[in-house]
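Hello,

Here is the structure I promised to pass on. Please open it and follow along with the notes below.

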Amino acid sequence: MSAGRVLALLELLQARPGLTGPELADRLEVDVRTVRRYVAALEGLGVPVVAERGRYGGYRLLPGYKLPPLMLSGDEAVAVVLGLLAAERTGMHAAAPAVASARAKVERVLPAELRNRVAAVAGALGFTTAARDGTAPAADVLLGLGEAVRDRRRVRLAYRSWRGEESTRELDPYGLVFHSGRWYVTGHDHRRGAVRTFRLDRVARVAPTGAGFAAPEGFDPVAHVVAGLAEVPYRLEVEVLVHGPPVDVARRWPAWLGTVEAHPDGTLLRTRAEDADGMARALAGLAWRFTVLRPDEVRQAVARLAARLAEDAVGRGGGGPAPR
């Protein structure tokens, strides 16, 4: 069930009391039966909805009922708005329009002075990291899987692979993970008989099966997803001897992109890449000298980058020295 549409129904009932089931269904882009389910969900949350029958009947809130006001302190308001901004920046949101509308609603109910101060912070805020577009899952999918993880209930997924192949999977979901702009669910896939990881933006539907499950004791969903991504095949398998301590190299190199291990001369870095030039730039950003052990394609890309940087240092990089 979509929490966003349930809240949209509540807003409609406040703004336009007396709308009929078909009218609400049309505005929410669902069927009348679903409207009745949303009404039941509101009643379950303690919101009294009255259904008036007859030709001119419709749905409305119980006369005299008012929603409690949203009361936020200054610290709480800043926390909420910055949290929404961070979600938008990192791609963590389930739907970009929802972030903007949520911010607008929060700001609308704040006192004028606090609203202006929070808006000033939001307008002045800069980020040192590039914005991630992210690949947002459907809110229904995210909420359904969250409930299934919490309640330890098996679900049936309608899934589309990266090749575009569609399948139905029964999954015991152990945990949700947000990583590098994408949402993942990991758990026991009954079709494969093994623990698998699925991208949420490729899940079309989630339906409970009624069966329960017990998660393995000590299972770490984050570690499993990161380790699984590290094993995804790339075009280039790269080995680099980094002349720096393993513990420090591990902090600078993403765990999902490769592994590090101690070496008599420093650290052996095993990683992957699709683009040799991109890998050369990433290695150049390390704080230590390094030697590319393989492949030749990356070694040559590093040599090209070093030559270009040397030319730039003395002002022979094409257009002459950079303007001061």
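Aspartate 248 is partly exposed, with a relative accessible area of 28%. The model is predicted, so local features need pLDDT of at least 70, side-chain atom pairs count only at pLDDT 80 or more, and totals for chains, interfaces and linings use all residues. Residues are numbered from 1 along each chain as its sequence is written, and side-chain values use heavy atoms, with hydrogens and water left out.

Salt bridges

Aspartate 248 pairs with arginine 251 in a salt bridge, 2.7 Å from N to O. The term means a side-chain nitrogen of Lys or Arg within 4 Å of a carboxyl oxygen of Asp or Glu. Arginine 251 is exposed, at 64% relative accessibility. Both residues sit in helix α9 (residues 246-252), 3 residues apart, so about one helical turn separates them. Helices (H or I, at least four residues) and strands (E, at least two) are DSSP runs, numbered from the N terminus.

Elsewhere, shared partners join Glu239, Glu261, Arg270 and Arg294 into one salt-bridge network. The count of salt bridges comes to 14.

Now look at aspartate 172 and arginine 154. Their closest N and O atoms are 2.8 Å apart, in a salt bridge. This pair links distant parts of the chain: aspartate 172 is in strand β4 (residues 166-179) and arginine 154 is in strand β3 (residues 153-160), 18 residues apart. Aspartate 172 is buried, at 5%. Arginine 154 is buried too, at 18%.

Arginine 150 and aspartate 151 form another salt bridge, 2.8 Å from N to O. Arginine 150 is exposed at 61%, while aspartate 151 is partly exposed at 39%.

Nonpolar cores

A nonpolar core is a set of buried Ala, Val, Leu, Ile, Met, Phe, Trp, Tyr and Cys residues joined through side-chain atoms within 4.5 Å. The largest has 19 residues, and Val240, Trp253, Met279, Leu283 and Val298 touch the most other members. At least two residues of this core come from each of β8 (236-242), β10 (266-273), α10 (276-284) and α11 (296-313).

What does tryptophan 253 contact, leaving aside neighbours within four places in sequence? Its partners are Gly258, Leu269, Thr271, Met279, Ala282, Leu283 and Leu286. Contact means heavy atoms within 4.5 Å.

Another core, of 18 residues, lies apart from the largest one. Leu9, Leu12, Leu13 and Val35 are among its members.

Best wishes

Technical notes
Buried < 20%, exposed > 50% of the residue type's maximum accessible area, 1.4 Å probe, protein only.
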